[in-house]
Amino acid sequence: MKLIKQLIAVAAIAFATTGFAAAQGTNEAPDQLVKRISSDVLNVAKTDKDIQAGNTRKVMDLVETKILPYVDFERMTALAAGRYWREATPEQKRALSTEFRTLLIYTYSGALSQVRNETIEFKPLRADATDTEVEVRSQVNMTRGEPVLLNYRVAKGADGWKIYDINVLGAWLVETYKGTFNTEISKGGIDGLIKTLAAKNKQLASKPLATAKK
């Protein structure tokens with residue numbers, strides 16, 4: 001779990017700077033789209049005093065309006081659940097996606113309130129113009145320590161580009177969660193995993209954002 005927390009803390013900064021604007025540029029190259037939109041969210045996180053102070057509503061609003069519309073949570077959840085996803089009922093899939101989405105919201109919000117002077121540097125895109133799934137490579141220049149390399153897996157659908165996985169320091173976020181999901185499912189099935197995530201979300205909801213990512 002410590003690894004997941006470390007990955008999420010960095011990934012939160014990454015997601016906070018990668019709002020894929022589906023309606024504004026479905027024909028725009030993914031890396032160019034990221035560069036254009038990233039400055040908006042990062043500047044808000046850096047300059048808004050309420051967000052810097054951990055104002056729950058302001059941070060959650062920023063996450064929900066600038067990040068969540070451009071993340072494919074259903075695909076992310078399906079990949080994390082692996083073969084168990086195919087065995088789940090439609091109701092279980094909806095519940096699991098909802099709880100996983102909520103967990104990531106709290107985690108991203110907690111880390112977003114900690115953003116200060118981080119910057120993002122993007123690498124040249126290695127993709128053809130006709131590709132519908134690409135990997136956008138970048139690095140986060142931290143205020144302390146070495147730069148953190150990270151890649152995004154994004155797919156283009158009817159409503160534009162959406163993130164469905166992120167690689168931090170060589171570890172894919174979905175793959176990391178997959179181990180945790182499998183452990184919980186083996187103990188209590190899909191319902192057991194849903195119950196565990198719901199309990200974790202309830203716990204996070206009772207904490208200030210500054211401690212939510214710990």
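In which helix is the place of lysine 178? The place of lysine 178 is helix α8, and the views below, drawn from a predicted model, begin with the whole protein and then turn to this helix.

**Figure 1. Overview of the protein, with its nine helices and five strands.** Read from the N terminus, the elements follow the order α-α-α-α-α-α-α-β-β-β-β-β-α-α. The protein has 214 residues, of which 48% are buried. Where contacts join residues at least 6 apart in sequence, 59% of them link residues at least 24 apart.

**Figure 2. Packing of helix α5 against helix α8.** Two packed helices are described by the angle between their axes and by the distance between those axes. Helix α5 covers residues 73-81, and helix α8 covers residues 173-205. The two helices pack at an angle of about 55 degrees, and their axes lie 7 Å apart. Because of this angle, α5 is oblique to α8. The crossing of α5 and α8 is right-handed.

**Figure 3. Residues at the contact of α5 with α8.** Helix α5 contributes Met76, Leu79, Ala80 and Ala81. From helix α8, the residues that meet them are Val174, Tyr177, Lys178, Phe181 and Asn182. Sorted by class, this contact comprises seven nonpolar residues, one polar residue and one charged residue.

Figure 4. Is lysine 178 buried or partly exposed? Its relative accessibility is 26%, so lysine 178 counts as partly exposed. Leaving aside residues up to four places away in sequence, lysine 178 touches Leu79, Ala80 and Gly82. Leucine 79 is 99 residues from lysine 178 in sequence, yet the C-alpha atoms of the two residues are 7.5 Å apart in space. Lysine 178 is also one of the α8 residues at the contact with α5.

**Figure 5. Alanine 198 in helix α8 and leucine 96.** Alanine 198 lies in helix α8. With a relative accessibility of 30%, alanine 198 therefore counts as partly exposed. How many residues along the chain lie between the positions of alanine 198 and leucine 96? These two residues are 102 residues apart along the chain, while a distance of 9.1 Å separates their C-alpha atoms.

**Figure 6. Alanine 199 in helix α8 and glutamate 99.** Alanine 199 is likewise found in helix α8. The relative accessibility of alanine 199 is 47%, so this residue counts as partly exposed. What is the C-alpha to C-alpha distance in space between alanine 199 and glutamate 99? That distance is 9.5 Å, although the two residues are 100 residues apart in sequence.

How values were computed: Residues are numbered from 1 along each chain as its sequence is written. This is a predicted model: local features need pLDDT of at least 70, side-chain atom pairs count only at pLDDT 80 or more; totals for chains, interfaces and linings use all residues. Side-chain values use heavy atoms; hydrogens and water are left out. Axes are lines fitted to C-alpha atoms, for helices over the stretch in contact, and angles run from 0 to 180 degrees between N-to-C directions. Helices (H or I, at least four residues) and strands (E, at least two) are DSSP runs, numbered from the N terminus. Angles under 35 degrees count as roughly parallel, over 145 as roughly antiparallel, 65 to 115 as roughly perpendicular and the rest as oblique. A crossing is left-handed if the near helix is turned anticlockwise from the far one by less than a right angle, and right-handed if clockwise. Contact means heavy atoms within 4.5 Å. Ala, Val, Leu, Ile, Met, Phe, Trp, Tyr, Cys and Pro count as nonpolar, Asp, Glu, Lys and Arg as charged, and the others, Gly among them, as polar. Buried means under 20% relative accessible area, exposed over 50%, partly exposed in between (1.4 Å probe, protein chains only).
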